[in-house]
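I am opening my notebook to work through one structure, entry by entry. Each entry says what I looked up and what I found.

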Amino acid sequence: MKIGLERVAPAFLRWRRHAIVAGAALAGLALFAGGGGRALDHQLRDLRDGLRSHPASGQVEIVEIDEKSLIAIDKWPWPRGIHAEVIDRLHAAGARSIAFDVDFSSSSTPGEDAKLAAALARAGGSVSLPTLRQYRSAEDTSNYIDTEPNKLLRNKAFLSAVTVVPERDGYIRQMPLGMTTFDTPRPSLSTLVAEKNAEVGRSFDIDYSIEPATIPRLSVIDLISGKVPARQIAGKRLIVGATAVEIGDRYAVPRHGVVPGVVIQALAAETLIEGSVPWAFGAGWAFALALLLILLAIRLPNRRLRAAVFTLAFAATLVAPLATEGWFALTVPVAPALAAIVTAILLSGAALAFERYLDKALTDDATGLPNLGALEAAASQKPVASVVVARIDRFATIAAGLGPVASATLVQRVAERLRFARPGSEIYHVDAASLAWIEDPADETDLEDRLDAIAAVMRAPVECGRPVDVVLAFGLACGAGLGTKQLIANAGLAAEQAAEHGARWRRFIDADGEAIDWQLSLLGELDAAMADGQLWNAYQPKLDLRTGRVVAVEALVRWAHPTRGPIGPDSFIPVIEQAGRARDLTFHVLHQALDDALAWERAGHPIGVAVNVSATLLADHEFIEAIGGILESHDLPTSRVTIEVTESAAMDRPDQAIAALASWRSLGVGISIDDYGTGQSSLGYLQKLPATELKIDKSFVQTIVTDSRNAIMVRSTVELAHQLGMKIVAEGIEDESCLKFLAEMGCDTGQGYHIGRPMPAVALAEFLAEDVRAAA
């Protein structure tokens with residue numbers, strides 16, 4: 001069964017979507033502010049250019065001043081007559097346009113300038129010469145130097161700007177459409193070659209998907225040597241520039257490393273020739289669209305659909321620029337958008353992981369039912385909540401017989417029946433034996449009727465591989481200001497108390513909690529109480545009915561609390577037994593009883609002493625063996641020591657009881673079966689017990705004079721015990737007539753208020769001395 005997170009973690013669900021959108025927006029804005037977005041967009045553009053890689057159109061051709069031309073014409077700068085010859089040959093071959101990327105701003109001889117001017121005139125205006133604006137730095141564009149050819153030359157040709165400005169990372173990525181030099185707007189060389197309209201102040205991205213190696217080239221020395229056929233030149237747009245490393249006109253560009261400036265000019269011209277002038281959107285458009293897609297995705301209820309939208313958004317953000325650049329020459333920066341989408345995906349994944357963690361953390365592994373944590377989370381959303389706990393009686397025994405798988409099935413089937421009787425309520429598995437649900441305080445008026453209905457449903461055996469009868473006890477706890485765990489604990493305690501008293505259900509009241517606090521307080525004080533003497537032994541005399549002398553005592557533990565006063569054994573012994581501290585208490589009582597018995601012996605009163613042993617200790621092997629060590633550590637003969645166990649304790653675990661009693665009997669210790677007659681022991685079982693005496697319960701003894709049936713029962717028990725070799729102790733003797741009647745029946749020993757009340761060891765010593773004087 002899957003837990004609805006909207007029921008157990010509404011705060012998480014309420015803020016999860018906001019957190020995803022906020023995180024995505026912050027990630028995108030961080031790229032904006034930190035400049036990381038540009039770097040990422042550059043890398044993505046390089047990848048896209050690699051995917052779109054294609055050859056140049058062939059319309060632009062480079063006339064390169066290469067290494068062999070420099071070697072052949074062994075002088076630089078070249079005489080301008082060389083450039084004039086280049087113009088003449090290109091013009092004669094039918095070149096469409098000629099553009100120089102060679103600086104003619106430096107002075108030359110009048111004769112050389114005249115040769116170049118004449119060639120420009122013969123070309124009829126088809127040649128452009130460079131003008132250049134050189135900035136002091138890429139960051140400071142207000143500090144620059146303009147250069148251009150001298151007046152003689154510039155009057156015979158067009159002037160085009162050849163300025164390239166590296167970006168902060170040193171790469172050339174853009175080329176201007178036009179530029180102002182000497183206060184005159186000029187087209188850029190690439191704009192002029194591509195025959196596009198110039199626009200001062202606007203730049204465009206160079207298309208580096210064009211492979212530079214595919215741009216046709218011819219060497220200047222080959223051209224002026226007549227080695228280049230005219231058909232290679234006719235109709236072409238020629239750019240003359242240096243490619244030789246020695247000249248140094250080289251720049252770093254994306255994808256292709258360091259290339260000559262003339263190659264960059266040719267690539268820029270090819271970019272414009274391919275179509276319209278490249279343009280770009282701002283990153284904010286893609287970022288805004290990404291946030292809209294994120295908002296759409298996180299509102300989708302289906303996780304698979306949500307993941308699909310995220311995947312498509314991510315893929316589209318990567319692929320869309322590839323399409324827009326190829327078809328529309330439109331560049332869209334997508335780094336902030338990608339950052340937002342990736343962040344949203346990661347946050348959604350983290351949210352999903354947290355949801356699954358909650359599902360697992362709030363679900364019982366064995367049964368698949370929501371667990372204690374789920375109930376806590378659900379109850380925390382209610383201003384006032386009550387909790388009902390249904391406790392499966394004898395669950396430990398049932399589970400031991402069924403095994404873990406069938407036990408889990410049984411719990412599931414019980415939960416189904418509870419859900420049937422309590423429609424609309426979530427049933428929680430809060431511990432191995434307990435199920436629970438949240439009860440609206442307004443519905444408590446008919447709670448008893450509903451619990452009766454559940455009891456009716458539970459009358460039929462629960463099928464979990466085999467039919468099992470299941471009995472439920474219910475506890476209700478409520479109270480504003482209490483934590484959910486405390487409510488569950490209180491309801492569980494009420495259910496346990498209902499089961500103990502045979503009731504169907506019980507409401508927890510404050511007094512229950514006070515009783516638990518009191519018990520816990522006592523347990524915390526137990527060790528100190530034993531060490532300080534607060535726990536002490538009272539001794540009740542046992543009278544030999546034939547001689548009239550006290551022959552033994554029973555040690556009865558008492559607690560003299562410094563602030564609470566005397567605490568009765570019935571108030572603290574059950575608590576100590578439930579807490580597993582009965583061993584420590586019994587050791588304390590036994591040590592004290594043996595010490596006191598030795599003291600009485602030294603005073604001339606060699607009597608026996610009996611110590612009670614809890615039923616919880618009959619299966620404690622360490623305790624059973626430790627008894628022998630304690631007896632050995634004292635000089636009192638073991639024949640004067642008796643261990644008393646109740647008949648019900650001996651019957652509860654017969655094999656263990658027989659083994660424990662036999663072990664102690666082998667030490668010479670007497671064994672007394674206390675409260676005989678209240679249990680269900682048979683004659684056969686009684687024969688197996690290594691007991692030396694039977695102690696008849698006071699409920700039979702106190703009325704033997706007036707109740708003939710009890711008298712018959714006591715008489716028959718005395719005869720039976722004697723036949724089995726046991727002695728009889730009658731407890732609860734409160735008057736002389738009862739004492740005489742028991743003596744007439746042949747009862748061996750008597751105990752009760754008529755003989756003597758429980759008293760401290762010192763008082764008992766005085767009692768024994770008085771007994772001796774009376775006998776004398």
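How many bridges join S2 to strand S11, and do the two run parallel or antiparallel? I counted five bridges between S2 and S11 (residues 237-242), and the two strands run parallel.

**Ground rules.** I note that this is a predicted model, in which local features need pLDDT of at least 70 and side-chain atom pairs count only at pLDDT 80 or more, while totals for chains, interfaces and linings use all residues. Residues are numbered from 1 along each chain as its sequence is written, and side-chain values use heavy atoms, with hydrogens and water left out. My helix and strand names follow DSSP runs, numbered from the N terminus (helices are H or I with at least four residues, strands are E with at least two).

Entry 1: I then followed Ala99, whose bridge partner in S11 is Ile239, and which stands opposite Ser128 in S3. Next I looked up burial, where buried means under 20% relative accessible area, exposed means over 50%, and partly exposed lies in between (1.4 Å probe, protein chains only). Five of the five residues of S2 (residues 97-101) are buried, so the strand is largely enclosed by the rest of the structure. Both of its faces are covered, with Ser97, Ala99 and Asp101 buried on one side and Ile98 and Phe100 buried on the other.

**Entry 2: a five-stranded sheet.** I found an open sheet with the strand order S17-S18-S16-S21-S22 and mixed pairing. Strands S17 (428-431) and S22 (505-507) stand at the edges with a single partner strand each, so one side of each has no neighbour in the sheet. Neighbouring strands are turned by 25° against each other on average, direction ignored. Within this sheet, S16 (residues 386-392) and S21 (residues 472-478) run antiparallel and are joined by seven bridges, and Val388 stands opposite Leu476 in S21. I reminded myself that strands of a sheet pair through backbone hydrogen bonds, either parallel or antiparallel.

I also looked at which helices lie across this sheet. Helix H17 (residues 447-457) lies across S16, S18 (434-439), S21 and S22, and runs at about 145° to S18. Helix H18 (residues 484-500) lies across S16, S17, S21 and S22, and runs at about 140° to S21. For these angles, axes are lines fitted to C-alpha atoms, for helices over the stretch in contact, and the values run from 0 to 180 degrees between N-to-C directions.

**Entry 3: two helix pairs.** H3 (residues 36-51) and H12 (residues 303-328) pack at an angle of about 55°, with their axes 10 Å apart. The two are therefore oblique to each other (angles under 35 degrees count as roughly parallel, over 145 as roughly antiparallel, 65 to 115 as roughly perpendicular and the rest as oblique). Their contact (heavy atoms within 4.5 Å) is made by Leu44, Arg45, Arg48 and Leu51 of H3 and by Leu318, Pro321, Leu322 and Glu325 of H12.

H27 (residues 708-723) and H28 (residues 736-745) pack at an angle of about 40°, with their axes 10 Å apart, which makes H27 oblique to H28. Here the contact is made by Ala711, Val714, Arg715 and Val718 of H27 together with Phe741, Leu742 and Met745 of H28.

**Entry 4: backbone details.** I first noted the general rule that most residues other than glycine have a negative phi, and most peptide bonds are trans. A cis peptide bond joins Trp76 and Pro77, with omega at about 0°, and Pro77 is found in the loop between H4 (67-72) and H5 (80-92). Asp183 is not a glycine, although its phi is positive at about 65°. I placed Asp183 in the loop between S7 (178-181) and S8 (184-187), where it is exposed, with a relative accessible area of 74%. Asp675 also has a positive phi, about 55°, although it is not a glycine, but its place is in strand S28 (residues 670-676), and at 22% relative accessibility it counts as partly exposed.

Methods
Two strands pair if DSSP finds at least two bridges between them.
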